[in-house]
Amino acid sequence: MWPQLYEWIALFIKWFHVICGVAWIGASFYFTWLDNSLETPPQWKKDKGIKGDLWAVHGGGFYEVAKYQVGPQQMPPNLHWFKWEAYSTWITGSVLLVWMYYFNAQAYLIDPRIMPLSSLEAVALGIVGIVAGVASYELLLRSPLAKVKVAFLLSIIALGALFFYGFSQVFSGRGAFIHMGALIGSIMANNVFYKIIPGQRKMVAQVASGSEVDPAPGIEGKRRSIHNNYLTLPIIFLMISNHYPMIYQHQFNWLIALLVMLISAWIRFYFNLKHTGTTKPSVMVSGLSAMVLLAVVVSWPISQTTHSPDVAVQQTQHSTQTTETNQISVEQQAVFAIVKQRCATCHSSQPSDDVFAMAPAGATFDSWQDVQRWSPRILARTVESADMPFMNKTGMTQEERNLLKRTLVAEQ
C-alpha cells in the first residue's frame with residue numbers, strides 16, 4: 001500500500017506545483033507583454049499622470065489598461081498584488097524536492113558511479129549548493145560587472161555553468177537537473193520576495209502618503225522581473241527534463257542542458273522584441289536551428305556520445321557482480337535473476353531493448369545493490385500497479401511479481 005500511496009502524494013504535490021508554475025509564468029509573460037505593448041496615451045491621460053495605455057478584447061469584453069508614470073493621485077481601495085504565484089510555486093517545488101529526492105536520496109539523488117554519498121551528505125550538499133547559487137547571483141548583481149550588459153550576461157552564463165557542472169559531479173543526472181532547477185527557481189522567487197515586492201510596497205507607501213516617489217526600487221524590481229522573464233523557458237525545460245534520460249544520462253548532460261537553456265532564452269528574446277513592435281525572424285530561425293542542430297549532434301550516433309564503461313570497467317563490474325551474487329541469499333539471487341531477465345533489457349547501463357536506448361528514469365539494475373536502491377520504485381511499478389515491464393514486453397509472470405514483493409518487502 002505505501003509505495004502506491006507515496007506515488008499518489010508525489011502526484012498531488014507535482015500537480016499543484018505545475019498549476020502554481022503555470023500561474024506564475026503566465027503572469028510573467030502577460031506583464032512583460034503588457035509593459036512592452038503600451039502605446040502613447042492621449043493628452044488628457046498624460047495630464048492624469050498616465051505613461052501608456054492599451055485596449056484589448058478577451059472573453060467577450062473590452063479592456064482598457066493604463067500604466068501610471070509614478071502612481072495615481074489617490075490609492076485605490078483594492079490593489080491587486082502578484083506575489084503568491086511565485087511563492088506558492090517555490091514552496092510546492094521545495095516540498096517536491098524533499099519528497100521525491102531527499103526522502104529517496106539513495107534512488108533518485110545519489111549515483112555511486114559518480115560519487116558515493118550518504119543520504120545526509122547528499123541532502124546537505126544540495127541545500128548548500130542552492131543557497132550558494134542564490135548568494136552568488138546576489139553578489140554578481142552588486143559587482144561592477146552588473147553595470148556592463150555584456151559582461152554581466154557572460155558572467156551569469158559562466159556562473160550557471162559552474163553550478164550545473166558542480167551538481168553533475170556530485171549527483172545523479174536527474175539529481176543534478178532538479179537541483180539546477182531548484183537553484184533557478186530560488187533565484188526567481190528571491191527576486192520577487194527580496195526586491196520586487198518590497199520595492200512595490202515602498203512605492204505604494206510613498207504614493208499613499210503623498211510624498212515624492214523614489215524610482216530606484218522600481219527600476220531594480222523591473223531589472224529583476226526581466227531576469228525572471230528570461231529564466232522562465234529554461235526552468236520549464238528543467239521541470240520536464242526528468243522524463244528524458246537521453247539528456248540527463250548523457251556524459252555531457254550539464255553542457256547539453258545549459259545549451260538548451262541558453263537557446264530557449266534566445267528564443268524568448270524574439271518574443272520580447274516582438275512585443276515592442278520589433279520583429280526579427282532571424283532570432284527565431286537561429287534559435288530553432290540551433291535547437292535542432294543540438295538534438296542531432298547529441299543523438300547521432302548515440303553509442304559514441306553517451307557514457308559507456310570501457311572494457312576494463314565492464315570486467316571489473318562483472319567480477320564485482322559475481323562476488324556480490326555469491327554473497328546474497330538464494331531467494332535474493334532468484335529475484336536478481338528475474339530483474340536481469342525481465343527488467344534489465346531497459347534498466348541497464350547498456351540496454352538491449354529496441355526502443356529504449358537509455359535506462360528510463362535513470363534506473364539501472366546492474367547489481368543487487370542497484371535493486372535495493374530502487375526497491376520502493378520496483379514495488380510501486382512492478383508489483384502494485386503492474387505497469388512494468390513496459391507493456392510486459394519481457395513476459396513477467398504473476399508468480400515472479402509475488403516473489404519480488406515477498407523478497408523486497410522483507411528487505412525494507
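Visitor: Which helix does His275 lie in?
Guide: This is a predicted model, in which local features need pLDDT of at least 70 and side-chain atom pairs count only at pLDDT 80 or more, while totals for chains, interfaces and linings use all residues. Residues are numbered from 1 along each chain as its sequence is written, and side-chain values use heavy atoms, with hydrogens and water left out. Helices (H or I, at least four residues) and strands (E, at least two) are DSSP runs, numbered from the N terminus. Covering residues 253–275, the helix that holds His275 is H10.

Visitor: Is His275 buried or exposed?
Guide: Buried means under 20% relative accessible area, exposed over 50%, and partly exposed in between (1.4 Å probe, protein chains only). His275 has a relative accessible area of 19%, so this residue is buried.

Visitor: Which residues is His275 in contact with, leaving aside its neighbours within four places in sequence?
Guide: Contact means heavy atoms within 4.5 Å. With those sequence neighbours set aside, the partners of His275 are Trp33, Asn36, Ser37 and Arg268.

Visitor: Where does helix H8 bend?
Guide: H8 runs over residues 216–240 and reaches 37 Å from its first C-alpha to its last. A bend is the angle between axes fitted to the seven residues ending at a residue and the seven starting there. In H8 that angle is about 40°, with Pro234 following within four residues, and the bend is at Thr232.

Visitor: How many disulfides does the structure hold?
Guide: A disulfide is a pair of cysteine sulfur atoms within 2.5 Å. Cys346, for one, is in no disulfide, and the nearest cysteine sulfur, that of Cys343, is 8.8 Å away. For the structure, the number of disulfides is 0.

Visitor: Where is confidence lowest in the protein?
Guide: pLDDT is the predictor's confidence in each residue, from 0 to 100, and its mean over the protein is 86. Where pLDDT is low, the predicted coordinates should not be read in detail. At a mean of 44, confidence is lowest in helix H12.

Definitions and conventions: Expected span 1.5 Å × (residues − 1).
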